[in-house]
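Reader: I have a model open and would like to talk it through with you. Could you start with the terms we need and then go through the details?

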Amino acid sequence: MNNDVAELRNHVRPLMEQHGVSFETGFLAEQPLRWLPKGAGQASQSKEFERLDAMAYALEQTIGERRVADAVARLDVPRWSFEDLPWPVVHRLMLIYAMVTHAYFREVCPYRTVSELMQDQSPKILPAQLAVPLWRAARRIGIEPTMSYSLYALWNYYRNNPGQSVSVENIELIHSFTGTLDERWFVRIHQAVEVAYAPAISELLTACLLSSVYNHDSSIPSVRQREDNVIVQEMIRCLENATRAARDAVAILKRMREHCDYGTYFNRVRLFFTFPNSVVFDGVEELGASLNRSWVKREDKPRSCISSLRRPALTTMTTRIFRACEATWRSRFGISSNASSGRRRFVRSFWSARTTAHSCRRIMPSSRRSHLIGASYTCVSSRTSSAGSARGTALENRRFSG
């Protein structure tokens, strides 16, 4: 089976690379840019890149001195195209423009709480200096024109020691709003969680491919020739490996309280994450006439824009894979008594992975938990214990909200 597994890995790796997922860091970008390229493209573009970098690194001070609106007024509306820029450059540009946009609204709309802003339905005007490049970058990447979790966390860090792997102690934010340890630690924990869970992505994808080996359009004919129990054992191994990665991720998440004070986070940091309900993007021709150049968030309920674009929760991903594997099991074994023992072990492996992913319920008080960004790792949970695997069968019909 080793050669067949190697063949599977050869299918998994290019599939992950095609979607920008790293074997080492998972959804976390491997090496985000800390500076925009110098001396590239037109002279006006290069000069604007230098100005944007300077603005980004001075953002904390500019926010503290309440000079964000003045800094935005001195920017130029970019005349260069985003279509020809490399992917990392576009993400850095989007990160800068998005963070400045949120800082701008925080300054010109001095709301005291998130709910206060969410109750305000009046349109807010975003100057063309921010609106045009933010809209163009968002269209190029394929995300909404606000700050997202992928920008603020996945493309916003560097390694203190480039030769070492990513860990909470070896990473630092490139840019932040407040400069407080509470904000930096909050994001670093999420970044470390992404890396800890990275090994599970390839394992779950491998299990998904194994569940489809008997399909007529399967591109892995050698595995199809194996006995059913061999394939099932490999699927179980994948789920068990994913369980270990999920437990590592939960262990890191439990360190959130070490340097993140909830009062500081909710009173100072969290306010920067919220985007107004209705925004007029000045200068964006795709949105129509100047008086109707408005973009409204898709959802009516109050929600952080950072969580509005997050990828499917870990539990949702695992459930889909489990259903695919379960369908394969039923089609191959039916309700045969000879398969019941293996099926029980398969179910236990799956639920061990899933309950581990939910084991962070006690990380944050219930009154605060619903506001945490990156909610893929802060969903409803059950207590993880050594007996968690044994409870797998009993949990089979239990529903969890992702």
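Author: A nonpolar core here is a set of buried Ala, Val, Leu, Ile, Met, Phe, Trp, Tyr and Cys residues joined through side-chain atoms within 4.5 Å, where buried means under 20% relative accessible area, exposed over 50%, and partly exposed in between (1.4 Å probe, protein chains only). This is a predicted model, in which local features need pLDDT of at least 70 and side-chain atom pairs count only at pLDDT 80 or more, while totals for chains, interfaces and linings use all residues. Residues are numbered from 1 along each chain as its sequence is written, and side-chain values use heavy atoms, with hydrogens and water left out.

Reader: Which residues touch the most other members of the largest nonpolar core?

Author: Those are L93, L126, F177 and F281, in a core of 101 residues. The most is given to this core by helix α9 (residues 181-211), with 16 residues; helices (H or I, at least four residues) and strands (E, at least two) are DSSP runs, numbered from the N terminus.

Reader: What does F177 touch, leaving out residues up to four places away in sequence?

Author: Counting a contact as heavy atoms within 4.5 Å, F177 touches L59, E60, I63, M99, H102, A103, M147, Y152, E183, F272 and F273.

Reader: And the protein overall, how many helices and strands?

Author: The secondary structure comes to 16 helices and five strands, and buried residues make up 54% of the 402 residues. Of the contacts with a separation of 6 or more, 73% are between residues 24 or more positions apart.

Reader: Let's move to α2. What covers its buried residues?

Author: The cover includes α3 (59-64), α4 (68-73) and α5 (87-108), and the buried residues of α2 are Q45, S46, E48, F49, L52, D53, M55 and A56. With 15 residues, α2 reaches 22 Å from its first C-alpha to its last, close to the 21 Å expected at 1.5 Å a residue, the expected span being 1.5 Å times one less than the number of residues.

Reader: Why does M55 count as buried?

Author: M55 counts as buried because its relative accessible area is 12%. Leaving aside neighbours within four places in sequence, M55 is in contact with A71, V72, L75 and V100; M55 and A71 are 16 residues apart in sequence and 7.8 Å apart in space, C-alpha to C-alpha.

Reader: What about R66, where is it placed?

Author: R66 is in the loop between α3 and α4, and is exposed, with a relative accessible area of 51%. Although R66 is not a glycine, it has a positive phi of about 55°. Most residues other than glycine have a negative phi.

Reader: Last topic, cysteines. How many disulfides does the structure hold?

Author: The structure holds zero disulfides, a disulfide being a pair of cysteine sulfur atoms within 2.5 Å. C208 counts as partly exposed because its relative accessibility is 29%, whereas C260, at 6% relative accessibility, counts as buried.
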